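Look through the sequence and the model below. The paragraphs that follow go through the backbone, the domains and the ligand in turn.

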Amino acid sequence: MSDFEGLRALVTGGASGIGRATAELLAARGAQVAVLDLDPTSVDKPLLAYRADVTDDTSVREAVAAAVTELGGLDIVINNAGTGARGTVEDNNDAEWHRVLDVNVIGMVRVARAALPHLRRSQHAAIVNTCSIGATAGLPQRALYCASKGAVYSLTLAMAADHVREGIRVNCVNPGTADTPWVGRLLDAADDPAAERAALEARQPTGRLVSAAEVAGAIAYLASPLSGATTGTSLAVDGGMQGLRLRPVGQ
Ligand SMILES: NC(=O)c1ccc[n+]([C@@H]2O[C@H](COP(=O)([O-])OP(=O)(O)OC[C@H]3O[C@@H](n4cnc5c(N)ncnc54)[C@H](O)[C@@H]3O)[C@@H](O)[C@H]2O)c1
């Protein structure tokens with residue numbers, strides 16, 4: 001499929017996990033792709049790589065401007081860079097709340113703000129935000145992370161409304177637990193990584209973790225010009241975790 005032929009895309013957090021899989025998929029389907037990441041050293045051609053921190057407005061503006069110059073314009077933004085936090089509302093101090101909201105929410109705002117003037121010139125403008133099942137389901141020990149992704153969900157709807165008449169579509173994907181380096185780090189830090197992995201797998205009706213490629217496929221669906229009538233939606237990629245209520249096996 002070459003539905004992205006002639007289109008130019010920017011993927012934040014594109015050096016690892018879901019962002020990396022998305023950047024590679026968009027490129028395979030014909031897009032020219034620039035990756036913006038804290039550490040883009042592992043990013044290879046044909047992907048373009050820019051070092052930037054989404055919490056630093058100047059570095060975002062400089063990276064977006066450099067990418068737009070190199071790409072000759074911009075049609076698609078995948079707002080994917082994100083960070084995690086563990087605990088209940090009693091466990092994270094104010095500094096930790098500000099840090100996570102700065103990356104997960106305001107980071108997307110900074111990238112969108114820098115990109116919008118360029119997207120307005122595109123015939124197929126689309127933004128896809130990486131949200132989470134944490135926006136729509138209460139997950140234990142994830143108060144701050146869930147709050148940040150709930151904000152991403154509402155931001156997606158508000159941006160979709162603001163920019164629909166400019167021809168810019170805005171949607172989000174809500175992954176369940178995905179098998180990425182991020183989750184690998186969480187498992188490594190657990191007392192019993194194998195038991196922790198089994199618990200995460202059992203939480204999803206499919207009985208396994210979501211792959212980064214499966215989330216990338218959903219992001220590409222939303223970003224594609226073939227989805228020109230789709231805006232203001234969230235697409236769950238969670239092995240059925242949000243919508244299904246299974247009975248225990250054998251009952
Ligand atoms: N893995 C999961 O289970 C899961 C589930 C739901 C949602 N998500 C979301 O998917 C997105 C990607 O997660 P992943 O699992 O692929 O993680 P990952 O750690 O594999 O990749 C995240 C990338 O983002 C970059 N990044 C982090 N902070 C940044 C910053 N301040 N500026 C620029 N780049 C930054 C990192 O360098 C890294 O390359 C995140 O928004 C995360 O919240 C992940």
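Gln141 is placed in the loop between strand S5 (125-130) and helix H4 (143-163). Helices (H or I, at least four residues) and strands (E, at least two) are DSSP runs, numbered from the N terminus. Phi of Gln141 is near 65°, which is a positive value in a residue other than glycine. Another loop, between strand S2 (32-37) and strand S3 (48-51), holds Pro46. Lys45 and Pro46 are joined by a cis peptide bond, with omega about 10°.

The model is predicted: local features need pLDDT of at least 70, side-chain atom pairs count only at pLDDT 80 or more, and totals for chains, interfaces and linings use all residues. Residues are numbered from 1 along each chain as its sequence is written, and side-chain values use heavy atoms, with hydrogens and water left out.

The chain is divided into domain 1 (8-175 + 210-236) and domain 2 (180-209), with bounds that come from an automatic or database domain assignment. Their C-alpha centres lie 24 Å apart. How many residues of domain 1 are in contact with domain 2? There are 14, and they meet 8 residues of domain 2; contact means heavy atoms within 4.5 Å.

The size of an interface is often given as the accessible area lost when the parts come together. Here the area buried between domain 1 and domain 2 is about 670 Å², and carbon and sulfur atoms give 58% of that. Buried area is the accessible area (1.4 Å probe) that two parts lose on being put together, summed over both.

Between the two domains the count is 1 salt bridge, meaning a side-chain nitrogen of Lys or Arg within 4 Å of a carboxyl oxygen of Asp or Glu. The side chains of Glu214 and Arg208 meet in a salt bridge at 2.8 Å, N to O. On the side of domain 1 that touches domain 2, the elements that give two or more residues are helix H1 (17-28), strand S8 (210-211) and helix H7 (212-223).

The ligand has 27 residues around it, of which Ser16, Asp37, Tyr145, Ala178 and Thr180 come nearest; a residue counts as near if one of its heavy atoms lies within 4 Å. An oxygen atom of the ligand is 2.8 Å from an N or O atom in the side chain of Arg185. For the side chain of Lys149, the distance from an N or O atom to an oxygen atom of the ligand is 3.0 Å.

Definitions and conventions
Polar contact = N/O pair within 3.5 Å; in protein donor to acceptor, adjacent residues only side chain to side chain.
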